[in-house]
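Here is a short tour of some aromatic rings and the strands around them. Have a look at the structure first, then read on.

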Amino acid sequence: MSAALMTQTVTYLDPSNVSSSEVATEWLSAFSAAITQNNTAAVADLFLEDGFWKDVEGHQELLDARLTATGLHDLCLLQEPLKEPVLQKVDHDLVWLRFCFCFTTKHGKGTAVVYLVPLPDSKWKAYSLLTCLDSLTDFPHKLGPLRNSEAEHGGWEEKRQQETDFSNSDPTVIVIGAGHTGLETAARLKYIGVPTLVIEKKPRVGDSWRDRYKTLCLHDIIFPSTWPIYTPAAKLADWLEGYANVWNDSTKTWTVEVNRGSKGTRTLTVKHLVFATGSGGHPMVPDIPGKASFKGSALHSSEFKSAANHIAHDIAQDFTRSSTFVISVESMKAVQGAVYNEDFPTELADTYSTSLPWAVVRRYINAWAILDGLANVGFKTNLGAHGAGLFALFLERGGGFYIGAGSAIESFTENGLRFADGTELQADVIVFATGYGDTRDFMREVCGDEIASTITRVWGLDEEGQTAGVWRYCGHDGLWFAIGNLALSRFHSLHLALQIKAIEEGILNKADVVI
C-alpha cells in the first residue's frame, strides 16, 4: 500500500486545539475494529489514497489474502514518554500527528509507528504506518531476565571454545564478514538460539575499519557516552575485536570449506549463508593507457592510508573533476540530532528513523547546508538524487562521491595525467576514488556464477522504495545479504535473525516470503 506523493488535500491546523491522545485513540480504535472484522476496505479508508503501510518482516502483504493469516490483534496505544501521541510541524503548512502502538500476531509481538494528517473535513487519516515485528512469542531473545542464570564454575572457556570451533557439530548459519554488520547479525542469531559462525579473511576482527585511511572518523553519533563524539575508525576497530559452497538443492544446505590458517581447513554443512562483506564489490580502477610510463604512484582509494601532505578538497577537485555532495558537520547534527542524542534511547531512535518510507523522507530532507565558499574556489558540488543529499546517494546508489570520473582522462604521462581536452595534470600520487563494483562480487567468488545469476539485484531501491535484496529474501534459499551503516545494521539485523529463526522453526515458509 504505497505511493510516491501526497495528492489528497491536507490542511494546516492550530495544534493548541487538538488533543493528540484523543485523535490517536479514535483512529486506532477504528483501525483495530477493521482488522478484527477483516474489512480491508475499511482499513484502506483510514489511509490517504496515496498513503503507505510499511512493514518490516512481520507480515508482508497484509491486505486481502494476508490480513487473516497474520492474526493481527491486541493493538494497544503506547503512552510512555517519547512514544506517546505528539503533533509535529513538518513544514510551514503541514502538521502531522505521530504515535506508537504495540500489537500481537500469531507468532510474535511488534511495534507500530503511525503518522496521521488532518483533512479539510476535520478527519484524520494515515499518511504512513510502520509495523515492525520485534520478537517471536515462542523463541524470545535470551536477554535481561531471560539470559543464562547458571553460574559457570570453571567451564566458561571450554564452552566458549566450542562456540567458535564447532568441534562436535556444524553451525546453522555462517556469516561471512566480521565487520559491524556481521557481528550485529551473529549476536542477534546467538541470542535467539541459532548456532552461528562468523568468518573473516583479515587477521583480526575490526581490520575492515583499522586498515582504512588514517584520518577516518565516524559521524554516527551513538556510541558509549565516554567516547569522542566523532569516533576514530581505529577505536571502533578495537571495540569490535573485543565484542566479538556448494548448494545442495535436495537438502537445502551449503557445503562450505573454511580456511583456518595454521589450523588447516574445515568443511561445514550449514543451512544459511549471510554475506556481510560491505556495500560494494571489488575496487573499480579505470584501465587508462600509459600507466607503465607514470613515474609516481597510482592507487585506488581503498589502498590510500594518509593525506598528510594534501588538503582533502584539493584532492577531490583535481582527481575526480566531477561534482561531489558535501555536507557540514553542523547540518549532519541537525538532521540526526532530533532522535540521535544522549537523551533519546538508541533503539527507539532507530525505529523512528526507519518509520517513514523513503518516498516520504526525501520530500522533507532537502534542507542540506552545503559548505560555503566551495563554489567560489571551483569545487563542484551537487545535492544528490532528488535533491535529498547524502541519504539519497547512500540508499539509491551506495555512494555518490564519484560521478563519471575517468571518462575525461585520456592517458597517463610520465608526470601525471592527460585529459581529453588536451590539458595535463602533474602529480606524484594519483588516487582513483572510482568506487566499487557489484555488491555480489564476493558472493560470486564463494558460490559461483550459477548461484549468482539467481540474485537479480542487491542494494538500491525497488519499486516500493525498499532496499533491494538486503536483510530479506534475495532470490535464493538460504542466502542473505546484510549491508548497512551502524544504525541500519542495528535495526535490521534483528529482522534478519527473526526470519532465519522462523524458517528453522517451521513458522515461515518460502511461499510466505515476498521478494
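## Strands S5 and S6

Two strands pair if DSSP finds at least two bridges between them. Strands (E, at least two residues) are themselves DSSP runs, numbered from the N terminus. With that in hand, take strand S5 (residues 108–118): S5 and S6 pair in the antiparallel sense over 11 bridges. Leu-116 stands opposite Ala-126 in S6. The hairpin of S5 and S6 has five residues between the strands, and Ser-122 takes a positive phi near 75° there.

How much of S6 is buried? Of its 13 residues, 11 are buried, so to speak mostly covered. (Buried means under 20% relative accessible area, exposed over 50%, and partly exposed in between, with a 1.4 Å probe and protein chains only.)

## Where this comes from

This is a predicted model, where local features need pLDDT of at least 70 and side-chain atom pairs count only at pLDDT 80 or more, while totals for chains, interfaces and linings use all residues. Residues are numbered from 1 along each chain as its sequence is written, and side-chain values use heavy atoms, with hydrogens and water left out.

## A closer look at Thr-131

Thr-131 lies in strand S6 and is buried, with a relative accessible area of 1%. Which side chain does the side chain of Thr-131 make a polar contact with? That of Trp-53, at 2.9 Å. (A polar contact is a pair of N or O atoms within 3.5 Å; within protein, one must be able to donate a hydrogen and the other to accept it, and residues adjacent in sequence count only if both atoms are side-chain atoms.) Thr-131 and Trp-53 are 78 residues apart along the chain, and their C-alpha atoms are separated by 7.7 Å.

## Rings that meet

A search of the whole structure turns up 14 aromatic pairs. (Rings of Phe, Tyr and Trp, the last by its six-membered ring, pair if their centres lie within 6.5 Å; planes under 30 degrees apart count as stacked, over 60 as edge-to-face and the rest as tilted.) One of them is the tilted pair of Trp-96 and Tyr-127, 6.3 Å centre to centre with 50° between the planes. Trp-96 lies in strand S4 (residues 94–104) and Tyr-127 in strand S6 (residues 124–136), so this pair ties together parts that are 31 residues apart in sequence. Both Trp-96 and Tyr-127 are buried.

Ring pairs also link Trp-27, Phe-31, Phe-47, Trp-53, Phe-99, Phe-101 and Phe-103 into a cluster.

Note on methods:
Helix = DSSP H or I, 4+ residues; strand = E, 2+ residues; numbered from the N terminus.
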